[in-house]
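Open the model in your viewer and keep the sequence panel beside it. This tour tells you what to select at each stop and what you will find there.

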Amino acid sequence: MDEVDKIIMHQLHQVDPGIDPAEELIGFTPEQVVRAVSGCLAEIRPDLQLPRSLPGAAMAQRFGVASSLAEGCKESGYRGDIGYQTFLYPNAVELRRLLMFLIEQLPRERQGKEDGLGKTQSLSAQQLLHRKIRKELASQLKSPWVPQFARSVGNRKSVGCSSLCIEFRPHINLSVPSANPEERTKEQQQYFDQQSPNLFQQTASSSVDLIASVLHKNELERWGQELPDTVLLFMDGEEPTAPLIPQITALEKSSASVEEANPLQELSNQVQDLRTHCETLMTERKSHAAALTSLKLRESKASEELKRMQPLLKIHERTSLVLADPEENITKLEALLKSTQAKRETLTQQWQDYRQPLLETLEKLKTAKEAQHVQEIRSNIEQLEKDLQSKTQQHNDLNATLRGASQSLAPRKEYTRRIHEFIGNIRKQRADIFKVLDDTRQLQKQLNVVGAQLQRQFNYTDDLLFQSAKHDLHAKRAYKLLAQLHSNCSELVECVSLTGNVTKQIRELEVQIDGEKLKNVLTSLQQITGDIQKFEQHIQELQAQIRAVEEQAKGGS
């Protein structure tokens with residue numbers, strides 16, 4: 001088992017660099033067993049949250065940790081006898097069987113070319129940190145992207161709220177230039193190009209939101225709602241960043257009054273003028289939209305009426321052409337009708353001539369199972385195509401796995417050589433066992449033949465002496481000696497059989513004794529005795545605390 005233990009320790013060192021590959025399974029302590037098994041389970045099932053170490057003196061916690069690890073091993077598919085005693089009182093045989101199962105369950109792509117290290121090199125703390133960072137980045141890249149305004153929805157359970165927790169903070173005076181530049185004057189276009197801030201600059205303040213501002217502006221332009229009276233109020237102590245479109249004509253008419261008026265009053269007047277102008281434009285827009293809708297409705301009705309009248313118009317045109325010269329046209333129509341009927345009969349006959357052999361061929365195909373054979377061939381072709389695709393995909397995956405494997409092939413060759421040696425020894429032992437069984441069968445067969453011959457000789461001798469004993473005293477004595485010899489030989493054969501059975505039982509008991517010695521029963525009993533003493537001491541402490549509490553309660557009463 002030394003070679004097997006070396007392979008197990010090498011794999012455990014790959015899983016947890018803190019495990020020394022030079023150690024032996026016989027000297028494993030419960031803490032090392034818990035560390036090794038929890039590391040393997042973490043690689044097999046990353047979703048399991050298992051402790052990586054065994055608690056100190058608290059026996060209840062030690063039993064809980066051991067029970068949780070045993071349950072994790074059972075969930076991973078281990079079918080052997082396992083419980084808390086496997087971890088708290090380990091023996092080499094059961095531990096070897098458990099670790100071999102866990103190593104077989106490890107994912108094959110675990111090592112790869114990670115960090116550019118070979119399989120026999122240990123990982124430092126920095127490399128372990130890099131591995132953890134890569135795993136976290138990979139998990140974040142696999143998660144779906146969530147917009148900024150909806151990221152609080154995913155955390156609403158952790159912060160303790162059940163709503164979306166999104167505030168609607170629009171910019172009331174957001175300025176958005178129209179999509180048609182030809183509708184603006186030269187001065188307005190120059191103002192928008194050089195002086196007007198863009199949407200991002202207008203919503204750069206933390207008190208407003210870009211999406212909320214655009215939605216609010218869209219609703220105002222769609223429904224024509226009036227701006228509230230608080231449009232001139234500053235939000236959170238900041239001045240409104242939305243610019244006002246200068247009205248050149250209004251400024252030229254009131255140039256004298258502007259110099260004397262207050263700037264705030266001037267801005268208010270401009271805003272009022274703009275609001276009035278916007279209301280007028282919205283009213284005109286609504287009226288034009290209503291007129292346009294009515295015109296579109298009339299157009300659709302007229303087009304439908306036109307489509308309905310076109311077939312009638314064609315019929316009337318053809319009727320008028322016929323009525324212009326009725327006799328000649330009727331003669332032409334009758335001649336055309338006769339030629340059409342003759343042509344129809346000809347085509348019908350041709351179709352029947354062409355259709356009859358096709359029907360006969362179809363009947364033959366239906367009766368002869370050729371269609372079924374063709375269908376089977378098609379299904380086989382489809383199945384083969386699917387198998388080819390799956391095999392190709394599997395081949396590509398295996399090639400990728402092979403390319404991702406480590407370049408250090410020396411340990412693999414060594415393990416392969418050892419495995420071949422084990423297989424050769426097993427085959428040799430199996431051949432020896434079969435040879436011993438054949439020899440045993442031949443010996444049993446010879447024994448049966450000799451026993452049968454001996455029984456026949458005894459029966460013949462017994463009969464001969466019995467006949468002679470009636471007349472001769474010496475033959476009578478020989479007959480008695482023969483019977484006594486036969487009974488003594490039977491007892492000797494029975495003693496030999498019992499000796500063989502006893503020897504076989506002794507060998508079986510020796511094998512069981514060797515197995516029990518490997519389990520370190522004495523050490524386990526000592527550990528169990530120590531744990532029982534700790535439990536008794538803990539129970540006594542609890543009883544003393546209960547008595548003290550009861551005495552305090554009695555003294556207080």
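A disulfide is a pair of cysteine sulfur atoms within 2.5 Å. By that test, this predicted model holds 0 disulfides. Select C73 to see a case: C73 is in no disulfide, and the nearest cysteine sulfur, that of C40, is 8.9 Å away. C73 is buried, because its relative accessible area is 0% and buried means under 20%. Keep C73 in mind; the tour returns there.

**The whole chain**

Switch to cartoon. The chain has 19 helices and 0 strands. Now colour by burial. Of the 557 residues in the chain, buried ones make up 17%. Show the surface next. The accessible surface comes to about 43,400 Å², and carbon and sulfur atoms account for 57% of that. Contacts come next. Take those between residues at least 6 apart in sequence: 62% of them join residues at least 24 apart.

**Helix α1**

Select residues 2–15. This is helix α1, with 14 residues. From first C-alpha to last, α1 reaches 20 Å, close to the 20 Å expected at 1.5 Å a residue. Which residues of α1 are buried? They are D5, I8, M9, H10, L12, H13, Q14 and V15.

**Helix α2**

Move to residues 30–44, helix α2. Its 15 residues should span 21 Å at 1.5 Å a residue, and the end C-alpha atoms are 21 Å apart, so the two values agree. Show the side chains. Buried residues in α2 include V33, V34, V37, C40 and L41. P30, S38, G39 and E43 are also buried.

**The largest nonpolar core**

In soluble globular proteins, nonpolar side chains tend to be buried together. Select L12, F28, V37, C73, F87 and L98. The largest nonpolar core has 34 residues, and these six touch the most other members. Which elements give two or more residues to this core? They are α1, α2, α3 (59–75), α4 (84–88) and α5 (92–105). Helix α3 gives the most, with 7 residues.

Centre on L98. Leaving out residues up to four places away in sequence, L98 touches V37, C73, Y78, I82, T86 and F87.

**E71, on helix α3**

Stay in α3 and pick E71. Is E71 buried or partly exposed? E71 is partly exposed, at 42% relative accessible area. Draw a line from E71 to I82, C-alpha to C-alpha. The two are 11 residues apart in sequence and 8.7 Å apart in space.

**Aromatic pairs**

Now display the aromatic rings. The whole structure has 4 aromatic pairs. Zoom to F466 and Y479. Their ring centres are 6.0 Å apart and their planes meet at 55°, so the pair is tilted. This pair links distant parts of the chain: F466 sits in helix α17 (residues 410–469) and Y479 in helix α18 (residues 473–518), 13 residues apart. F466 is partly exposed at 41% relative accessibility. Y479 is partly exposed too, at 24%.

Then select F63, Y84 and F535. Ring pairs link these residues into a cluster.

**Last stop**

Key
Residues numbered from 1 in each chain as written. Predicted model: local features only at pLDDT ≥ 70, side-chain atom pairs only at ≥ 80, totals over all residues. Heavy atoms only, no water. Helix = DSSP H or I, 4+ residues; strand = E, 2+ residues; numbered from the N terminus. Expected span 1.5 Å × (residues − 1). Buried < 20%, exposed > 50% of the residue type's maximum accessible area, 1.4 Å probe, protein only. Phe/Tyr/Trp six-rings, centres within 6.5 Å; stacked < 30°, edge-to-face > 60°. Contact = heavy atoms within 4.5 Å. Areas by Shrake-Rupley, 256 points an atom, 1.4 Å probe, with all protein chains shown as cover. Core = buried A, V, L, I, M, F, W, Y, C linked by side-chain atoms within 4.5 Å.
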